[in-house]
Amino acid sequence: MRANPRSRRFIETRNTVAAYSVLSIFAIIMILPFVIMVSTGLKPMSELFMVDGFHLFPKNPQPSNYIEAMQSAAWGRYFFNSIFVTFVATAGSLFINSLGGFSLGVLKYPGRDVLFLLLLIGIMVPFQALIVPQYILLRSIPLAGGNNLLGRGGTGWLNTYSALIVPQLAGSFGVFLCRQYFLGVPYELYESAKVDGAKPMTAFMQIYLPLSKPVLTSLAILKSVHVWNDFFYPLIMTSSDRMRTVQLGLQTFQGYALNRWDLMMAATTLVALPIIIAFLLLQRQFVQSALSSGLKG
Amino acid sequence: MFSKRQLRYDYSGYLLLIPNYLIYTTFILYPVLRVIYLSFAQYRFVTPPTFAGLSNYLYLLESDRFRQALFNTMYYWIGTVLVSMALGMLIAVVLNRPKRGVSLFRSIYYLPNLLSLVVVGIAWLWIYNPQIGILNSFLRSVGWRTSDWLRDPDLAMTLVIIPGIWTLTGFNMIIYLAGLQGIDQSYYEVADIEGAGSIRKLFSITLPLLRPISFFVFVMSSIRSFQVFELIYIMTGGGPRGTTTTLTFEVYQMGFMHYQMGRAAAASVVLMFIVLIVTVTNFWYGREGFNDAR
């Protein structure tokens with residue numbers, strides 16, 4: 001018996017098939033550039049130049065590309081720099097921002113709301129727009145990098161880890177997010193702790209910090225992805241090879257190995273890998289962080 | 001009661017705020033004031049900045065390069081934001097239907113958003129490669145004309161916009177999907193009872209209810225595309241003939257290639273102003289949009 005084309009069941013099935021088709025086509029388009037990147041990193045040069053036609057996947061995968069790519073420059077150093085800077089900036093900003101959020105969201109003192117509003121300016125300003133004054137500022141940090149007390153004569157914090165870490169610590173957005181979160185915690189919790197004689201810092205460490213795992217997870221993801229992926233800031237603030245992060249390291253291929261796309265793609269894949277692994281392990285948390293990444297109240 | 005409250009002030013609140021505020025005032029608040037000051041100054045590093053009135057802004061106003069950068073930024077902005085919003089919404093609406101495989105599809109669509117723009121730029125540079133890139137190989141195999149697309153002034157910006165869309169779509173899709181999941185199912189049940197078809201439901205229920213979300217997505221992706229730098233730096237270096245120079249790239253060039261810090265500061269203030277307009281609008285009108293998205 002033929003299915004009645006008007007039947008509900010038929011329409012349901014048809015719509016589901018249509019939905020999956022659309023989704024699959026989009027998925028292939030979205031993943032293709034990524035697949036090309038990974039597969040090119042595994043191809044031997046002969047396949048790159050398509051001696052016998054084009055194949056999406058390598059016929060003879062050559063994992064040694066990865067080793068060769070990593071040996072082509074000081075990649076150990078670049079990875080160390082990126083991991084170190086990302087870790088310290090993330091850990092530091094989580095602590096400093098949640099502490100600030102606790103102060104602005106829970107504690108009561110004169111001028112608190114003005115201080116909070118003043119902090120919001122930091123959310124509204126695009127950080128690229130501050131690159132000129134920040135560069136001048138970092139260059140003239142007193143008594144650093146050969147500078148005198150007035151911040152002249154040397155290079156200050158340029159080409160140091162401090163330049164890559166310290167300005168990342170004071171995220172207005174992080175404080176904002178933590179404050180909103182703490183506002184949702186019943187105030188009685190703090191009051192009863194206070195009655196028991198707890199100091200604000202103790203209440204923060206023992207009550208609020210353990211409660212704030214979801215918001216801190218989101219912040220940690222946003223911050224670490226941002227710092228790991230950042231290119232503009234380290235490009236301006238560092239110039240020596242010793243201080244390069246992995247994103248800057250990818251530039252080394254544009255000079256010396258113009259046609260070594262195999263090595264460049266291998267290195268590019270490795271640079272993207274840590275974030276991809278973290279994403280695969282923590283998909284739900286990544287989605288949550290995306291939802292909280294806006295500027296909203 | 002009132003005096004009791006006063007006594008209960010936690011003055012240590014200032015103390016806990018100090019670490020954050022110290023860095024915030026030093027690296028954000030002070031630079032905001034400083035960049036505004038520098039935009040009215042002549043400063044080329046060699047000598048201390050001197051007050052120069054509006055000359056930097058007048059220079060920008062008369063500079064063809066800057067006007068071009070402004071135009072290019074707007075072109076990139078409209079191209080990436082509109083297309084990635086439409087795609088993101090379309091995918092989310094479709095993705096909201098099936099029960100199985102949603103998280104797999106969602107992950108695939110979201111992945112490009114997590115790659116650094118340097119990685120994205122390099123991947124697409126390779127796709128566009130004139131000799132052995134996949135795009136030209138494909139076009140050649142079907143007998144089309146191939147060329148070094150990125151050196152074509154008429155095409156270059158459009159080719160940079162495509163990876164821009166590629167990275168933004170997943171983010172927009174995630175927000176839309178969350179918004180769709182927040183829509184009360186009873187609307188659709190009523191529509192079913194009244195015999196409304198799926199197209200009708202899309203236009204009469206889904207889209208109107210998504211409007212606040214759309215606003216939020218619009219603001220978020222606008223802010224990101226106004227700041228585009230890496231794709232330009234990696235893929236075109238601002239060329240050919242300045243057709244892909246954007247505001248941020250212009251700031252970089254004026255400040256750190258030509259050491260015209262005053263002009264770079266003025267261009268930064270323009271960028272800041274544009275983003276500020278969008279952000280402030282968000283603060284005024286966009287709040288409910290986000291709360292719905294959660």
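# Predicted two-chain model: briefing

Of the 297 residues in chain A, 44% count as buried; a residue is buried if 20 or more other C-beta atoms, placed from the backbone, lie within 10 Å of its own, exposed if 12 or fewer, and partly exposed in between. The model is predicted, so local features are given only at pLDDT of at least 70 and side-chain atom pairs only at pLDDT 80 or more, whereas totals for chains, interfaces and linings use all residues. Residues are numbered from 1 along each chain as its sequence is written, and chains are lettered from A and ligands numbered from 1 in the order in which they are written.

**Confidence**

- The predictor assigns the complex an ipTM of 0.90 and a pTM of 0.91.
- Chain A has a mean pLDDT of 89, with 94% of its residues at 70 or more; pLDDT is the predictor's confidence in each residue, on a scale from 0 to 100.
- Within chain A, the element with the lowest mean pLDDT (72) is helix α14 (residues 252–256), and the one with the highest (96) is α4(A).
- For chain B the average pLDDT is 87, and 94% of the residues score at least 70. Residues 289–294 of chain B fall below 50, and this stretch has 19 contacts in the model beyond near neighbours in sequence. Where pLDDT is low, the predicted coordinates should not be read in detail.

**Chain architecture**

- Chain A contains 16 helices and 0 strands, and chain B contains 15 helices and 2 strands. Helices (H or I, at least four residues) and strands (E, at least two) are DSSP runs numbered from the N terminus.
- The C-alpha trace of chain A spans about 75 × 70 × 30 Å along its principal axes, and that of chain B about 85 × 75 × 30 Å.
- In chain B, 46% of the 294 residues count as buried.
- In chain A, 66% of the contacts with a separation of 6 or more join residues 24 or more positions apart; two residues are in contact if their C-beta atoms, placed from the backbone, lie within 7 Å. For chain B, 72% of the contacts between residues at least 6 apart in sequence join residues at least 24 apart.

**Interface and nonpolar core**

- The contact between the chains takes 77 residues from chain A and 79 residues from chain B. Helix α1 (residues 8–40) of chain A gives the most to the chain A side, with 15 residues.
- That side of chain A has 58 nonpolar, 16 polar and 3 charged residues. Ala, Val, Leu, Ile, Met, Phe, Trp, Tyr, Cys and Pro count as nonpolar, Asp, Glu, Lys and Arg as charged, and the others, Gly among them, as polar.
- The largest nonpolar core has 159 residues, and those with the most contacts inside it include A:Val132, B:Ile122 and B:Ala267. Helix α8 (residues 156–181) of chain B supplies the largest share of this core, 14 residues. Such a core is a set of buried Ala, Val, Leu, Ile, Met, Phe, Trp, Tyr and Cys residues joined through C-beta atoms within 7 Å.
- Beyond its neighbours within four places in sequence, B:Ala267 is in contact with B:Leu60, B:Phe66, B:Leu247, B:Glu250, B:Val251 and B:Met254.

**Helix α8 of chain A**

- The end C-alpha atoms of helix α8 (residues 172–183) of chain A are 16 Å apart, which agrees with the 16 Å that its 12 residues should span at 1.5 Å a residue; the expected span is 1.5 Å times one less than the number of residues.
- In α8(A), 10 of the 12 residues are buried, among them A:Phe173, A:Arg179 and A:Tyr181.
- The cover over these buried residues includes α4 (75–105), α5 (112–124), α10 (200–211) and α11 (213–229) of chain A, together with α2 (12–39) of chain B.

**Backbone geometry in loops**

- B:Gly239 and B:Pro240 are joined by a cis peptide bond with omega about -10°. B:Pro240 is in the loop between α12 (230–235) and α13 (247–257) of chain B.
- B:Arg241, in the loop between α12 and α13 of chain B, has a positive phi of about 50° although it is not a glycine. B:Arg241 is exposed, with 11 other C-beta atoms within 10 Å.
- A:Leu143 is a residue other than glycine with a positive phi, near 60°, and lies in the loop between α6 (131–139) and α7 (161–169) of chain A. A:Leu143 is exposed, with 12 other C-beta atoms within 10 Å.
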